[in-house]
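Open the model in a viewer and keep the sequence beside it. This tour says what to select next and what is there.

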Amino acid sequence: MKLTTRGRYGIHAMYDLALHFQAGPRPIKAIAESQAIPEAYLEQLFAALRRGGLIASARGAQGGYRLTRPPAEITVGDVLRCLEGGLNLVDCLEEDSLCGKTCACPSRFVWLRIRDGLNAIVDGITLQDMLDDNARSSPV
């Protein structure tokens, strides 16, 4: 599985919002600049994240975007599924009819285990974990 720029940029943007969580709404221009993400592309990502209930927007001079929940309550898995869809390595895990061997496929067990392991990992990492890890690894 290879993440697209949607997933990678989305994680970076959500990290930025987590970093500024206590400060209130953050302008999209500031996020785009600090994370080196094209602003127009970030607007597309934020539309999906807003539909997914992970972020909210505020209009006006003090407007911008904010997380809808504390960073400790939003997982990397939440973000990736919102932007990338399912985290399946093969299409047959989403739709059985794609392969005539689904019931007797010897490799299906492997793909299921990999998918389940990947989901467990990304669901076990929160935005707060990312903040904490960055704080530990940054020089004082």
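Start with strand S2, which gives three residues to the lining of the largest cavity, the most of any contributor. Strands (E, at least two residues) and helices (H or I, at least four) are DSSP runs, numbered from the N terminus. This is a predicted model, in which local features need pLDDT of at least 70 and side-chain atom pairs count only at pLDDT 80 or more, while totals for chains, interfaces and linings use all residues. Residues are numbered from 1 along each chain as its sequence is written, and side-chain values use heavy atoms, with hydrogens and water left out.

**The cavity**

Select Leu17, His20, Phe21, Gly24, Arg26, Tyr65, Arg66 and Leu67, which line the largest cavity. A cavity is a set of points, on a 1 Å grid over the protein atoms alone, where a 1.4 Å probe fits but cannot get out; lining residues have an atom within 4 Å of a point. The volume of the largest cavity is about 30 Å³, where a volume is the space filled by probe spheres set on the points.

**Two aromatic pairs**

The model has two aromatic pairs. Rings of Phe, Tyr and Trp (its six-membered ring) pair if their centres lie within 6.5 Å; planes under 30 degrees apart count as stacked, over 60 as edge-to-face and the rest as tilted.

Select tyrosine 9 and tyrosine 41, an edge-to-face pair with 5.7 Å centre to centre and 75 degrees between the planes. Tyrosine 9 is in helix H1 and tyrosine 41 in helix H3, 32 residues apart. Next, select phenylalanine 46 and tyrosine 65, a tilted pair at 4.7 Å centre to centre, with 55 degrees between the planes. Phenylalanine 46 lies in helix H3 and tyrosine 65 in strand S2 (residues 64-67), so this pair ties together parts 19 residues apart in sequence.

Are these two residues buried or exposed? Phenylalanine 46 is buried, at 0% relative accessible area, and tyrosine 65 is buried at 14%. Buried means under 20% relative accessible area, exposed over 50%, and partly exposed in between (1.4 Å probe, protein chains only).

**Helix H4**

Now select residues 76-84, helix H4, where Val76, Gly77, Val79, Leu80 and Leu83 are buried. Seen down the axis of H4, the buried residues fall within an arc of 160 degrees, so they line one face of the helix; the arc is that of the directions from the helix axis to the C-beta atoms. Finish at glycine 85, which follows H4 and has a positive phi, near 85 degrees.

Methods:
On a 1 Å grid over the protein atoms alone, a cavity is a set of points where a 1.4 Å probe fits but cannot get out, and a pocket is an open set with protein on both sides within 12 Å along at least five of seven lines; lining residues have an atom within 4 Å of a point.
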